[in-house]
Amino acid sequence: MKRSQKTWLFAALFVTLLLTVILATAVGAVAIPADVTLRIILSQLGMPWIETGDIGRNTEAIVWSLRLPRVLLGVLIGASLALAGSTFQGLLRNPLADPFTIGVSSGAATGATIAIFLSQLNGLHFPHMIPLFAFTGALLAFFFVYNLSKIGGQIPVVTLLLSGVVVSSFLSAVISLLMVFAGENIKGIFFWLSGGLMMRSWTEIGFVAPYLLLGFCLIFAYARELNILLLGEEAALHLGVRVDFTKKLLLVTASLVTAAAVSVSGMIGFVGLIIPHAVRMVSGPDHRVLLPASALVGGIFLVWADVVARTVMAPREIPVGIITAFIGAPFFIYLLRKKKKEIRL
Amino acid sequence: MRITVQNLTFTYADRKVLKEICFDVESGTFFGIIGPNGSGKTTLIKLLSRVLRPGSGLVELGERALNSYSQNDLAKVMAVVVQDTFAGYLFSVEEIVMMGRTPYLGRFQAETLQDYAIVRQALELTGCLELRQRKIAELSGGERQRVMIARALAQQPKVLLLDEPTAHLDIGYQQEILDLVKRLCLTEGLTVISVLHDLNLASYYCNGLVLLAQGEIAAAGSPDHVLTTENISRVYKTAILVSPHPLLGTPTVSLLPSNRASLPQQKKSRIHLLAGGGSAGELMRDLREAGYLLSVGVLNVGDSDWEAARSLDLPLVSEAPFSAITAERHAQNLRLIQQANVVVLAEIPIGQGNLLNLRAALTALAEGRTVYLLEEHLNLQRDFTQGEGQELLAEIKLGGAIVINTKACLYRALAETL
């Protein structure tokens, strides 16, 4: 991609993201005009000269306390999943890789299921129990897979993928078993497994944002190494990349980002697999463009998927994971057929 | 940059892949690693490029131990090109070559104009400039390999390691790529160490060679010293002939009909070949493979027919180089003819020195033996005796020799009569 093309791409994505945030906040069971939404957001951001006298307290609360955190969390989660997905695809040199490939998600799901199960079993309950359990489960699963696939201090890609798949299948069985005994809470578990952003507030944003921002910075810093790793690990060594260190750092970082995201959102599929491929068709394989662009597109995509999830059958909500699959799969097939190209990295 | 290898040993799964390897490579030379499959060539390159770490031993690059380089510093000094690899499909040629600048760039540093200039120069040197916007996936094998060399050059290395850089390439690309590397050696002082499968390429391009056999050095030194019939036959366990390159005089290896393969059941009939001047090499191989007992005469020492007969261990009568056949050798020749069922007169160039070979054919006819006269090339000017040779040939034909126009016909005729 030429420099001018890159500038235009990112300018367009940032504008789209801003519009997405405002419009998605405006849309809902109570329709609030976009300009009102914007005024509320700006005044809350510390711009007192913005006139909000004519806006009711209720409207302000809906925008600032209910919808905006949900939209922003959507941006963060979507961006995290897409970023982790493109990192895993590049690192593992495998177009089928996504944030869930190496078992992180199954770990999170098992953790969340255990939390839901326990709270039903003996009333054991404390604030943020589900995200904490999910996060712990994700990290445990990751380190298990990581150490399982370590051979002589190195982590061969094939072993990693296989360990991930095996651990995931095992944990799925554990989840199924817990669901058998879950009784009434089976619906809660099901909703968590399908992924969703309902009832999320600023607290969740505070919970995940530090991990995500740290992860973003680290991954972006290693974009050039990711490019070179696509040429193979030996070639990367010859070009001066510390392959083992880079691989481990990126694996841990991308898994941490995934774990943090999944722990508050549940299992939202397809974003981490499809967004990187779709973006790659436009941006090319250079991770210095691909990573930030995937993050932006992932954020925008998930927010709109969530808008559909909460409006299409309002007042009922559909888990957003179902929507991402419903939109993502056909869109991806369309891209494949239109481009008539093999999917490559 | 000088490279010293001392007592390098590498063990993989309890098997010593390399044992006590020692050699020096002088700065600015093209050094070749040769050896049969599984002799440890690629392992050696991987040890030199630090993809593998040796069990024991030391590699020195310049004045420093290889281990003391950071990964980044090593990439500024040493570049590696391996066998054709498929990777990075979607990158353009220019992007791939720019990756060669990585060791010189800081983490967040963008490529400078100087980097672009170096990449452009590398593309020019390798003839890849017109390819620079193309994607790697669209290139042919030869083009892709040139791009890999361009990327290596963009690293501005002092040492270039190559692992069979021309495997799978046709002879034209092989030459193009190795010519380029050789030129860089000569003009830029680049030190090159390359694994080469093809012994003739190794001989043609390298200043020095190591010949590996089962993880040990079987021979090392200049190509003249390493590529000898004895060394190569022993290590590759095959019959070969080393002869000087027709133009350069560098050793050139040719395959010889195998001596070791169990021959088809030996036929009892014996054929005597009257040969010389390179006329009968193929005949000897084919007839021997067919299972006949063969003898040959009279050949001058050093003649290619003489080399061939000797390498096949055939009974033969030989004469001093560039000398006329003496009566004594002629008599020996006639004795061999007497033991043979059939005589074949190959299409030999005729000079004053070997007229006696024609006379031997006449004698054979006079003794009532079957003589085949091979004449594959009708207009071939092969008489250098102002007519004496022609007369003898005419006499042989009159005397009842069977004239045959192709080798295939000869083999059929022999099969029918013997």
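Of the 345 residues in chain A, 47% are buried. Please keep in mind that this is a predicted model.

**Chain A as a whole**
- The secondary structure of chain A consists of 14 helices and zero strands.
- Reading from the N terminus, the elements of chain A run α-α-α-α-α-α-α-α-α-α-α-α-α-α.
- Chain A has a radius of gyration of 21 Å, close to the 20 Å that the globule rule gives for 345 residues, so it is as compact as a globular protein of that length.
- Taken along the principal axes, the box filled by the C-alpha atoms of chain A is roughly 65 × 60 × 40 Å.
- If you look at contacts in chain A between residues at least 6 apart in sequence, 77% of them join residues at least 24 apart.

**Where chains A and B touch**
- Chain A brings 18 residues to the contact, and chain B brings 20 residues.
- On the side of chain A that touches chain B, the elements giving two or more residues are helix 9 (223–229) and helix 10 (233–238) of chain A.
- By type, the residues on that side of chain A are eight nonpolar, five polar and five charged.

**A closer look at helix 4 of chain B**
- Helix 4 of chain B covers residues 113–125, which is 13 residues. From its first C-alpha to its last it reaches 18 Å, close to the 18 Å expected at 1.5 Å a residue.
- Which residues of this helix are buried? They are B:Ile118, B:Val119, B:Ala122 and B:Leu123.
- Viewed down the axis of helix 4 of chain B, the buried residues fall within an arc of 140°, so they line one face of the helix.
- As background, an α-helix has 3.6 residues a turn, so residues three or four places apart point the same way.
- Turned away from the buried side of helix 4 of chain B is a face with the exposed residues B:Leu113, B:Gln114, B:Ala117 and B:Glu124.
- The cover over the buried residues of helix 4 includes helix 3 (93–98) and helix 5 (141–154) of chain B.
- After helix 4 of chain B comes B:Gly127, with a positive phi near 70°.

Conventions. Residues are numbered from 1 along each chain as its sequence is written. Chains are lettered from A and ligands numbered from 1 in the order in which they are written. This is a predicted model: local features need pLDDT of at least 70, side-chain atom pairs count only at pLDDT 80 or more; totals for chains, interfaces and linings use all residues. Helices (H or I, at least four residues) and strands (E, at least two) are DSSP runs, numbered from the N terminus. The expected span of a helix is 1.5 Å times one less than its number of residues. A residue is buried if 20 or more other C-beta atoms lie within 10 Å of its own, exposed if 12 or fewer, and partly exposed in between; C-beta atoms are placed from the backbone. The arc is that of the directions from the helix axis to the C-beta atoms. Two residues are in contact if their C-beta atoms, placed from the backbone, lie within 7 Å. Ala, Val, Leu, Ile, Met, Phe, Trp, Tyr, Cys and Pro count as nonpolar, Asp, Glu, Lys and Arg as charged, and the others, Gly among them, as polar. The radius of gyration is taken over C-alpha atoms; the globule rule is 2.2 Å times the number of residues to the power 0.38.
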